[in-house]
Amino acid sequence: DPQQLELATSGKRKLRRFIVIDEVVDKLYGSKVREYFEENNVQHKILALPTTEETKSMDLVLNILQEVQNFSIDRRTEPIIAIGGGVCLDIVGLAASLYRRRTPYIRVPTTLLSYVDASVGAKNGVNFLQCKNKLGGYTPPVASFLDRSFIQSIPRRHISNGVGEILKMALMKHKGLFDLLKNHGKYLLDTKFQSYSGSANHGDAALQTTRIAIETMLEELAPNLWEDDLDRLVDFGHLISPELEMRVLPSLMHGEAVNVDMAFMTYVAHVRGLITAEEKEQIIQCMRGLELPVWHSGCSWPLIKRALMERLKHSGGQPRMPLPTGLGVAEIFNDTSEETLERAYKLWVRD
């Protein structure tokens, strides 16, 4: 709106911003964030919160909204800014969508997982009754600001965790992305996805992998932002993992739980004859090279059956199971028998 833009930039009133930042990120970058707003003469309130799967609740959303109300923002011209990992972005997105029915917000992801996953799309939410993201909505941010320099301060395991979601897109849609992860995985972990002028042997693997992951994700999400079509390739790795992740918290991170699910589904695809033994082995070895778990004791046969029953409830009575049909290609299947699943499970556990 030109009038609002004129009002916001005319200098007639002081710029104001409400920022929610993850408390760990605040310790690392909080002083720089404050300095930025002070130097730009922006009146601001920074709320540092513990944003983890365990605290991802409606209580935290209400806590944020109480502070937003106290600060008193103009919902037309003063977007709320979320700086943190996926949990932080999800919680703030839900809070913004509820405040005065919809307040704009900006996502600033600080982990690899949130950089390639939570920063893209419209979903936000919180956990409820021990179920992952049971409460939420579809309210896209007005912007996502992507800066890979945040990633250099996160632990190696968190980077590996983020690669799980990149591998998902590689297996479903992009053989070139799979090859990048297979050939440069260790280098990407070692360099924490930073771009260096001296990385000629690897091209700019960090830029290429993140860009392709985000582009392929957008290709899938953009035409189906509100999930009217339930046949979604991006659900690969997300059939069993929500149940597994919540059951074993905090022993598995999100991307790790997704990878355990993908490893099992790779065996399902093999048992169904969709991929060869060699392709299955390539996928599992790539996962190992990326330091991702390919099995977890919590992923029992009863849990798998329960998770797939839950899936049927929320996907129109069909399993809508995305499975690889090669490296970088996939289809959605509704006819995988329990016998096939059990055979795949036994083979997976044995290996």
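These legends walk through several close-up views of one predicted model.

Residues are numbered from 1 along each chain as its sequence is written, and side-chain values use heavy atoms, with hydrogens and water left out. Because the model is predicted, local features need pLDDT of at least 70 and side-chain atom pairs count only at pLDDT 80 or more, while totals for chains, interfaces and linings use all residues.

**View 1. The stretch that UniProt lists as a domain, residues 48–160.**
The unreviewed UniProt entry names this stretch "domain: 3-dehydroquinate synthase N-terminal". UniProt positions are given in the numbering used here, feature names are shortened, and annotations may be inferred rather than shown by experiment. Over residues 48–160 the chain is 35% helix and 25% strand. Helices (H or I, at least four residues) and strands (E, at least two) are DSSP runs, numbered from the N terminus.

**View 2. Helix H10 packs against helix H13.**
Two packed helices are described by the angle between their axes and the distance between the axes. Here H10 (residues 254–271) and H13 (residues 338–350) meet at an angle of about 115°, with their axes 8 Å apart. Axes are lines fitted to C-alpha atoms, for helices over the stretch in contact, and angles run from 0 to 180 degrees between N-to-C directions. The crossing is right-handed; a crossing is left-handed if the near helix is turned anticlockwise from the far one by less than a right angle, and right-handed if clockwise. On the H10 side, look for Val-260, Ala-263, Phe-264, Tyr-267, Val-268, His-270 and Val-271. H13 brings Thr-340, Leu-341, Arg-343, Ala-344, Tyr-345, Leu-347 and Trp-348 to the contact, where contact means heavy atoms within 4.5 Å. By class, eleven of these residues are nonpolar, two polar and one charged. In this scheme Ala, Val, Leu, Ile, Met, Phe, Trp, Tyr, Cys and Pro count as nonpolar, Asp, Glu, Lys and Arg as charged, and the others, Gly among them, as polar. Phe-264, Tyr-345 and Trp-348 also belong to one aromatic cluster with Trp-301.

**View 3. Helices H6 and H8 cross at roughly 65°.**
The axes of these two helices come within 9 Å, and their crossing is left-handed. Ile-166, Lys-168, Met-169 and Lys-173 in H6 meet Thr-209, Ala-213, Thr-216, Met-217, Glu-219 and Glu-220 in H8. The contact of H6 with H8 has four nonpolar, two polar and four charged residues.

**View 4. The rings of Tyr-29 and Phe-150 form an edge-to-face pair.**
Their centres are 4.9 Å apart and their planes stand at 80°. Rings of Phe, Tyr and Trp (its six-membered ring) pair if their centres lie within 6.5 Å; planes under 30 degrees apart count as stacked, over 60 as edge-to-face and the rest as tilted. Tyr-29 lies in helix H2 (residues 23–39) and Phe-150 in the loop between strand E7 (143–144) and helix H6 (156–173), so the pair ties together parts that are 121 residues apart in sequence. Both Tyr-29 and Phe-150 are buried (buried means under 20% relative accessible area, exposed over 50%, partly exposed in between, with a 1.4 Å probe and protein chains only).

**View 5. Arg-232 and Ser-114 are two buried residues.**
Arg-232 sits in the loop between helix H8 (205–221) and helix H9 (241–248), and its relative accessible area is 7%. Not counting residues up to four places away in sequence, Arg-232 touches Lys-123, Leu-221, Asn-224, Glu-227, Pro-322 and Ile-332. Ser-114, in helix H5 (residues 112–118), has 1% relative accessibility. Leaving aside neighbours within four places in sequence, Ser-114 is in contact with Gly-84, Gly-85, Gly-86, Leu-89, Pro-109 and Ser-119.

**View 6. Leu-129 and Gln-130 have positive phi values.**
Most residues other than glycine have a negative phi, and most peptide bonds are trans. Phi is near 55° in Leu-129 and near 60° in Gln-130. Leu-129 is placed in the loop between strand E5 (123–128) and strand E6 (131–138), and Gln-130 is found in the loop between E5 and E6 as well. Leu-129 is exposed at 61% relative accessible area, and Gln-130 is exposed at 69%.

**View 7. A cis peptide bond runs from Leu-249 to Pro-250.**
Its omega is near 0°. Pro-250 lies in the loop between H9 and H10 and is exposed, at 60% relative accessibility.
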